[in-house]
Amino acid sequence: MGIFIKFFALTILVAFGAVVYQIFLTPDPEVPVIPEKWFGRQQLKAGEPIPKDPLTINRFTINVSDEVLTDLKHRLDLARFVEPLPGTQFNYGFNGNYLKQVVDYWKTKYDWRQQEKELNKFNHFKTQINGIDIHFIHVKPSKPAKTVVPILISHGWPGSVLEYYKAIPLLTEPTNGVAFEVICPSIPGYGWSEAPHQTGFNVPQTARIYVKLMERLNHKTFFVHGGDYGSLIGRTMAILYPEHIRGLHTTMAGSTNKGLSLIKSIIGAYFPQLVFDNPEADYKKMFPFWENIRFMVRESGYMHIQSTRPDTVGAAMLDSPVGLAAYILEKFSVWTNPAFLDKPDGGLTEKFTLDELLTNIMIYWTSNNVASSMRYYKENVPLLFIDFNIHEFRIKASVPSAVADFPHELMRFPYSVTKHQYENLIQYTSMPRGGHFAAFEEPKLVADDIKTFVSKVLKK
Ligand SMILES: *[C@@H]1O[C@H](CO)[C@@H](O)[C@H](O)[C@H]1NC(C)=O
């Protein structure tokens with residue numbers, strides 16, 4: 001017993017020391033300079049200057065070869081399925097019975113050529129930056145507008161530019177004389193963007209390359225919106241390159257373990273009415289603590305694998321369309337609503353169509369980019385925990401910022417906690433419904449929130 005109490009006291013002391021250290025003793029770092037790096041296939045010798053990229057921007061049309069589609073059909077025909085245990089739904093992973101139905105649909109009803117036409121309805125382009133081809137969609141306002149506002153929109157994993165297909169027309173449609181010019185890139189290593197051929201392609205490098213892309217399109221300043229990794233990329237762009245970013249809008253709120261955000265989180269766990277504006281609702285965004293931790297541990301196994309051995313799981317995903325569909329679509333189930341775990345079909349078609357979901361899978365499958373998309377975790381997550389989180393994110397985004405908080409988002413922070421991570425959080429919306437793939441699920445809520453935010457910034 002005595003030893004237990006000593007151990008307990010020691011744990012409290014260490015935790016207290018860590019908190020004091022985090023809050024008071026670690027200085028805010030300088031904004032780092034992200035070095036220009038080469039990611040092309042060609043191996044540079046030590047000290048060799050980075051080759052110049054051609055500055056051309058080329059039209060790109062999605063056109064998967066018949067060979068790829070025939071090969072896919074063979075693989076789907078040969079699929080083997082897991083037999084689910086009695087009484088299990090999605091809580092043991094993607095339900096084998098439902099997977100069989102999805103694959104049947106894929107083989108007999110899903111029409112890729114039709115989907116390809118839909119995908120090609122926006123203009124696609126590629127341009128080379130630091131040795132790799134960057135793919136992006138570029139959509140100008142649908143009608144002449146008094147004010148045209150450029151905005152870069154970034155997806156994350158396991159999404160793609162497809163997530164924004166419903167929101168883009170809402171943004172390019174003029175509202176009160178304002179319309180957006182949307183630039184929506186595929187993260188390098190995702191979809192039709194070339195995969196980096198060298199190590200070290202992380203969020204800060206993505207931020208740097210996105211700014212270069214916008215400069216190449218003659219946009220010195222622009223707005224940025226993102227979800228999932230796109231939220232981190234957007235926030236990083238605002239932190240590293242504030243002179244280019246007129247406003248930052250994300251669906252994942254920023255938080256670090258430092259300063260007033262941390263103090264309020266700790267107090268809020270016990271005395272929500274002392275620190276939260278809306279004690280009951282705000283408390284639910286972060287607590288009960290252990291319930292949240294259990295949820296994060298239960299749902300983040302993929303992250304541990306991808307942050308350590310992406311090429312091992314990548315080998316399986318690159319080789320099996322059925323495995324790929326199960327692995328990715330499981331996220332579209334539980335990240336849209338955690339209660340969907342208890343549904344035999346994972347609730348997948350409550351918010352999305354099978355066509356939409358399979359097209360997102362096809363983007364990963366036909367581009368051969370699934371392993372590279374997972375490597376992004378290897379390049380980022382160790383950095384997030386060891387360096388990035390307690391480094392760049394210690395610096396507050398200074399540009400006008402907005403957070404759209406969706407009730408089923410994976411990580412949520414109330415306004416009173418997250419506002420200390422921004423110097424200028426001018427808008428925070430608690431959304432009535434929606435989950436992690438916010439723009440895919442609720443395009444109008446996201447587009448309207450962006451419009452409201454941008455009009456506030458333009459008025460200033
Ligand atoms: C796709 O490629 C095929 C074969 O090269 C060509 O016949 C077809 O016109 C292309 N389709 C589009 C939409 O570019």
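This is a predicted model: local features need pLDDT of at least 70, side-chain atom pairs count only at pLDDT 80 or more; totals for chains, interfaces and linings use all residues.

Which residue lies over the face of F125? I found R59 there, at 5.6 Å from the ring centre.

I then looked up another charge over a ring. The charged end of K126 sits over F60, 4.3 Å from the ring's centre.

Next, aromatic pairs. My search of the whole structure turned up 25 of them. I picked out Y190 and Y364, which pair edge-to-face, with 6.4 Å centre to centre and 70° between the planes. This pair links distant parts of the chain: Y190 is in the loop between β5 and α6, Y364 is in helix α16, and they are 174 residues apart. I checked burial too, and both Y190 and Y364 are buried.

I also noted F332 and F437, whose ring centres are 3.9 Å apart with planes at 10°, so I logged this pair as stacked. Here again distant parts of the chain are linked, F332 sitting in helix α14 and F437 in the loop between β9 and α19, 105 residues apart. Both F332 and F437 came out buried.

Last entry, helix α13 (residues 310-319). Its buried residues are P310, V313, G314 and M317. They cover an arc of only 110° around the axis, so I have them on the same side of α13.

Technical notes
Residues are numbered from 1 along each chain as its sequence is written. Side-chain values use heavy atoms; hydrogens and water are left out. Buried means under 20% relative accessible area, exposed over 50%, partly exposed in between (1.4 Å probe, protein chains only). Helices (H or I, at least four residues) and strands (E, at least two) are DSSP runs, numbered from the N terminus. The arc is that of the directions from the helix axis to the C-beta atoms. Rings of Phe, Tyr and Trp (its six-membered ring) pair if their centres lie within 6.5 Å; planes under 30 degrees apart count as stacked, over 60 as edge-to-face and the rest as tilted. A charge sits over a ring if NZ of Lys or CZ of Arg is within 6 Å of the ring centre and within 35 degrees of the ring normal.
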